[in-house]
Amino acid sequence: MQRFAGRNKEMIRLCTKIPEKFAVTAEMLKPFLQNDTLRSELSNKRFFVIDHSILNKCKKGNGSVVCSPIALFYRRNDDKIVPIAVQLFQDNADDNPVSFHSDSKYTWILAKMWFNNADACVHQSISHLGYTHIVMEGFAVSVHRHLSQSHPMFKLIAPHLMYMMTINELAVGTLLKKGGFIDTVVSVGTEGAFELPNQMEAQRGRNAPGQPQREGCRQPRSSFLLPLPG
Ligand SMILES: [Fe+2]
């Protein structure tokens with residue numbers, strides 16, 4: 001459930017068709033399906049996918065390798081949603097094999113590790129830096145410029161924007177500077193961290209977080225698809 005309620009929960013989508021670039025067949029997935037065929041399980045809305053294609057051409061920091069993975073998740077009969085297959089890069093190619101839950105222990109652990117590293121880059125750059133700090137700074141300015149301090153909306157929003165400018169200013173001068181924390185610890189580096197929110201913004205209206213269209217294609221929070229918390 002961490003993919004739906006964890007730190008980077010905006011990325012998962014309902015999967016109604018296996019993407020062509022994802023090199024899995026019905027035969028390969030059959031051992032993981034508890035009920036029926038791949039086609040029926042797709043129509044039963046039991047598959048979910050995270051596709052970090054946005055990392056495909058992103059700049060990398062300090063010669064790091066960052067994959068652009070696709071991960072497939074399956075909702076089992078006990079309503080647990082588990083990863084069953086990971087492809088580390090976008091191309092359907094011989095040198096880009098798919099790893100499965102049934103692979104040897106360390107192969108599967110490494111596949112998940114690389115996926116999670118890519119996921120962390122997306123989270124830090126887009127969900128956190130982009131949509132939590134950079135975009136919200138504009139809202140902070142606007143709220144203080146245009147709303148009266150006695151306006152009910154100001155009362156509601158202002159506490160959430162407290163210290164926004166301060167922390168952004170501090171982050172630019174320390175965390176985000178060349179050779180700083182983000183540049184040395186996050187695999188996309190500072191350049192990639194600034195580039196990724198721009199790339200995501202360029203996609204807005206098609207598939208980006210917060211867009212109504214996106215909610216339509218995402219769907220996983222529907223109680224028809226997911227078990228309600230007990
Ligand atoms: Fe933050």
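R75 and D79 form a salt bridge in this predicted model, with their closest N and O atoms 3.1 Å apart. R75 is buried at 11% relative accessibility, while D79 counts as partly exposed at 31%. Elsewhere, salt bridges with shared partners tie R3, R7 and D119 into one network.

**Other salt bridges**
- E195 pairs with K59, and the closest N and O atoms of this bridge lie 3.3 Å apart.
- This pair links distant parts of the chain, 136 residues apart: E195 belongs to helix α8 (residues 189–202), and K59 sits in the loop between β2 (47–51) and β3 (70–75).
- E195 counts as buried because its relative accessibility is 16%, under the 20% cut-off, whereas K59 is partly exposed at 41%.
- E41 bridges to R46, with 3.8 Å between the closest N and O atoms, and both of these residues are buried.

**The iron site**
- Two histidines, H128 and H133, coordinate the iron ion through their NE2 atoms, at 2.1 to 2.2 Å.
- H128 is partly exposed, with a relative accessible area of 29%, and H133 is buried, at 17%.

**Around A111**
- A111 lies in helix α4, which spans residues 105–146, and is buried with a relative accessible area of 4%.
- Leaving aside residues up to four places away in sequence, A111 touches V86, L88 and S99.
- F100 is 11 residues from A111 in sequence, and their C-alpha atoms are 8.6 Å apart in space.

Terms used
Residues are numbered from 1 along each chain as its sequence is written. This is a predicted model: local features need pLDDT of at least 70, side-chain atom pairs count only at pLDDT 80 or more; totals for chains, interfaces and linings use all residues. Side-chain values use heavy atoms; hydrogens and water are left out. Donors are N, O and S atoms within 2.8 Å of the metal (3.2 Å for Na, K and Ca); water is not among the atoms, so sites may look incomplete. Buried means under 20% relative accessible area, exposed over 50%, partly exposed in between (1.4 Å probe, protein chains only). Helices (H or I, at least four residues) and strands (E, at least two) are DSSP runs, numbered from the N terminus. Contact means heavy atoms within 4.5 Å. A salt bridge is a side-chain nitrogen of Lys or Arg within 4 Å of a carboxyl oxygen of Asp or Glu.
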